[in-house]
Amino acid sequence: MDANESKRVVLVDHDEAFGPVLTNVLGSGYSLTWIPSVSDAISILERDEADVVLLNWDDDPDATGEKPSRELLRAISELSLAAPLIVFSWDTRRETALEAIRGGAFDFFVQPLSVLELRFAIDRAYRRMALARELINAQRLIGTKYVDGLLGNSKAMEYIFEVIHKVAQVFTTVLISGESGTGKEVVARSIHRLSARANKPFVAFSACALPESLIEDELFGHAKGAFTGASQSRKGRFEEAQGGTIFLDEIGDLALPLQAKLLRVLQERQVERLGSNAPIPLDVRVLCATNRNLEEMVRQGTFRQDLYFRISVVRIQLPPLRDRLDDIPLLADHFLTAFAVAHKKEVRGLTPNFVTALAGYEWPGNVRELQNVIERCVVLADGPQLHIEDLPPEISRLGVSAEIRRGSFHESVRSFKREVLRTALRLHNGNKLRAAQELRISRCYLHRLLNQLDLHVDPVDSEDADSLSAAAELTLAEGEPEQAEDELVASVGEAR
Ligand SMILES: Nc1ncnc2c1ncn2[C@@H]1O[C@H](COP(=O)(O)OP(=O)(O)OP(=O)(O)O)[C@@H](O)[C@H]1O
Ligand SMILES: [Mg+2]
């Protein structure tokens, strides 16, 4: 912001007397606009044409029964980067001040006003606004690499961040595809949040598992009397999204007749409620998502080609998590912190083996599955770090095989032995006698192996331990790899 620019102050006041006084007091460096109507003030805010807003608090309802002061407060709290609001009032009650501040006002003054104090408050509010804008500009300058709420440092995700930033600025329809749990809905929300429509509604609708007639009613609404039981007219989701964005999830699940209706709405940019023939113009941005192969569906005749072309002007294909391994440590770390806070657990880190195991798994449920696995680990964790043993067996197994693939022969043998012992102990809830029986070795030999391999079942050491956490108690330390091979031979010998 240019230092020579004057600060744009908007005074919302039903009384015209104060404006000229304030203009005099503020002097140069400020441009004051007096606006008597709250709805005009809201338009100014939406167009981002104010730096600070002053409101003469009026508790009287207007002709429609609304209380305009509260309406302005609400509008400001809904705008993402609204100018700070300073409220003044003759009302000396504490509740009024609290209501204004809780509703998002920056400051509250009781009249009669000290205009110098008011100017001081305007300057403070202006500085805050300028800082917030600078922050946004700085974020733009450091590049388009990041999108709030969407994590990733793989090349694939960096590219997706760039596309999101680009498509957010234009009105075009976007088709977001990807396996389940890859983040399609997060991407749709990000596009909306970064667009000029951010302060307008984002309406998500999933066509999945709803009967056709209900989908039609949900999307397009109905007129009074449109069908038996329609005693009131009702807006559909398209109308609810007016001015904003509609996110049509699972678009591939839409039956052919509905596809035709949707296509008409998209082409004509207007909607007719069921049972009415009065078209309602729409100003709605459309984002669609699918985890199905729409091109294949077009080939098979189950998805309309004309609709496919219309919705896929821009396509964002989210890669499965297994194809962007670089994102796994970042995501795992993020979920760890989030769930540690949510579940009030003192878990602060992931061990390298834990991360190796995550990277070896296929993640059929993608980021959502990773999120669930980390949550489960955090809930069950006993120590400050997550270990490979905290993972479900189908994932922890892969960590060890990765270790085996990477290490020297002796390290691999040692890893293999540790894995065999860990699995047996886990299967028997830490009961060493039963684990030894299963492995067909003596209990004494099992103890010796545990010592040699620095595997400790601690403090769960009882022979009939039945706690599931027993396996999680296993801690690992490095020993002498050279001894490993001999021990393996010995263990086979003893088993005979
Ligand atoms: N890149 C990411 N960064 C952070 N969280 C993510 C990311 N991708 C997905 N998630 C999280 O994973 C979960 C699943 O994401 P989302 O619901 O967007 O997936 P989806 O592709 O719509 O899945 P589905 O096809 O099953 O509906 C959400 O909790 C979301 O917050
Ligand atoms: Mg989804």
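Select Ile246 and show what surrounds it: leaving aside its neighbours within four places in sequence, Ile246 is in contact with Val203, Phe205, Arg237, Phe238, Ala241, Val284 and Val286. Keep in mind as you click around that this is a predicted model.

Now widen the view. Ile246 belongs to the largest nonpolar core, a set of 39 residues, and together with Ile176 it has the most contacts inside that core. Next, colour helix α6, residues 155-168: this helix gives the core its largest share, 5 residues. There's also a second, separate core to find, with 34 residues, among them Val12, Val38, Val52 and Val53.

On to the strands. Which order do the 5 strands of the open sheet follow? Trace β2-β1-β3-β4-β5, and you'll see that the pairing is parallel. Select β2 (30-35) and β5 (107-110): they stand at the edges with a single partner strand each, so one side of each has no neighbour in the sheet.

Zoom in on β1, residues 7-12, which pairs with β2 in the parallel sense over 6 bridges. Pick Val10 there, and opposite it you'll find Thr33 in β2.

Finally, zoom out to the whole chain. You're looking at 21 helices and 18 strands, and 33% of the 496 residues are buried.

Methods. Residues numbered from 1 in each chain as written. Chains lettered and ligands numbered in written order. Predicted model: local features only at pLDDT ≥ 70, side-chain atom pairs only at ≥ 80, totals over all residues. Helix = DSSP H or I, 4+ residues; strand = E, 2+ residues; numbered from the N terminus. Buried ≥ 20, exposed ≤ 12 C-beta atoms within 10 Å, placed from the backbone. Core = buried A, V, L, I, M, F, W, Y, C linked by C-beta atoms within 7 Å. Contact = placed C-beta atoms within 7 Å. Pairing = 2+ DSSP bridges.
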